[in-house]
Amino acid sequence: MVKLLSAALLLLCLGHIAYAWCPWAKTRLLTINKNSVKQLKEMDEHVIPVIYEALKHVKMISQNATTWSRQHLALFKNFLSQQVEELEKCVEKMTLAGDGGSEETSYPALNAYFQKLSDFLEKKELSGKFCGWEVVRKEVIVNLEFLNKFLDNRKKRR
């Protein structure tokens with residue numbers, strides 16, 4: 001405990017000494033650091049096209065769902081359609097303003113993930129097993145819950 005306290009005190013003293021020796025740190029470091037933080041926070045805007053693409057993939061995969069409750073599936077598809085339509089408007093505005101991805105933007109990791117899910121489903125359906133849809137349903141739930149947490153954290157920061 002004493003060693004940790006000594007190390008912290010040493011770092012604090014060295015920081016003050018280095019700060020005194022470096023005029024740039026006195027005048028510009030704080031300003032540039034604030035600008036860096038601001039830029040990092042604004043990068044969140046670029047997740048909107050990724051969310052849009054992910055929800056489009058979920059919508060495409062759910063089109064062929066055969067083992068889910070028709071009523072629940074219809075509601076889920078309706079919610080997805082609303083989200084995709086609204087996000088598409090946002091992405092179009094961002095593209096026109098030059099603030100987001102272009103229409104040619106692709107997300108290889110995202111595409112590969114959903115391709116694996118589609119391949120998995122196809123393989124399970126060909127073998128006559130319907131458990132594939134349950135696996136996909138659980139994957140979609142995990143991803144949508146992650147998106148909710150991300151959006152909640154983003155809302156709290158603003």
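Q: So a pocket is an open set of grid points with protein on both sides within 12 Å along at least five of seven lines, and its lining residues have an atom within 4 Å of a point. What volume does the largest pocket have here?

A: The general idea first: rolling a probe the size of a water molecule over the atoms shows where empty space is left. Keep in mind that this is a predicted model. In this one, the largest pocket has a volume of about 330 Å³.

Q: Which residues lie nearest the centre of the largest pocket?

A: Look for Ile 51, Ala 54, Asn 143, Phe 146 and Leu 147, out of a lining of 14 residues. The largest share is from H4, with six residues.

Q: How does the lining of the largest pocket divide into nonpolar, polar and charged residues?

A: You'll find 13 nonpolar residues, one polar and no charged ones.

Q: Let's stay with H4. What span does it reach, and what is expected?

A: From first C-alpha to last, the 16 residues of H4 reach 22 Å, close to the 22 Å expected at 1.5 Å a residue.

Q: Which residues of H4 are buried?

A: Buried here means under 20% relative accessible area. Among the buried residues of H4 are Ile 48, Pro 49, Ile 51, Tyr 52 and Glu 53.

Q: Glu 53 is charged, though. What does its side chain meet?

A: Side chains of opposite charge can pair when their charged atoms come close. Glu 53 meets Lys 56 in a salt bridge, at 3.4 Å from N to O. The two are three residues apart in H4, so about one helical turn separates them. Glu 53 is buried at 18% relative accessible area, whereas Lys 56 is partly exposed at 29%.

Q: How many salt bridges are there by this rule?

A: The count comes to three. Another one joins Glu 86 and Lys 89, whose closest N and O atoms are 3.3 Å apart. They sit three residues apart in helix H5 (residues 70-97), about one helical turn. Both ends are partly exposed: Glu 86 at 45%, Lys 89 at 46%.

Q: And which residue does Glu 134 pair with?

A: Arg 137, with the closest N and O atoms 2.5 Å apart. This pair lies in H7, again three residues and about one helical turn apart. Glu 134 is partly exposed at 32%, and Arg 137 is partly exposed at 32%.

Definitions and conventions: Residues numbered from 1 in each chain as written. Predicted model: local features only at pLDDT ≥ 70, side-chain atom pairs only at ≥ 80, totals over all residues. Heavy atoms only, no water. 1 Å grid on protein atoms, 1.4 Å probe; cavity = no way out; pocket = protein on both sides within 12 Å on 5 of 7 lines; lining within 4 Å. Points joined across faces, edges and corners; volume = space filled by probe spheres on them. Helix = DSSP H or I, 4+ residues; strand = E, 2+ residues; numbered from the N terminus. Nonpolar A, V, L, I, M, F, W, Y, C, P; charged D, E, K, R; others polar. Expected span 1.5 Å × (residues − 1). Buried < 20%, exposed > 50% of the residue type's maximum accessible area, 1.4 Å probe, protein only. Salt bridge = Lys/Arg side-chain N within 4 Å of Asp/Glu carboxyl O.
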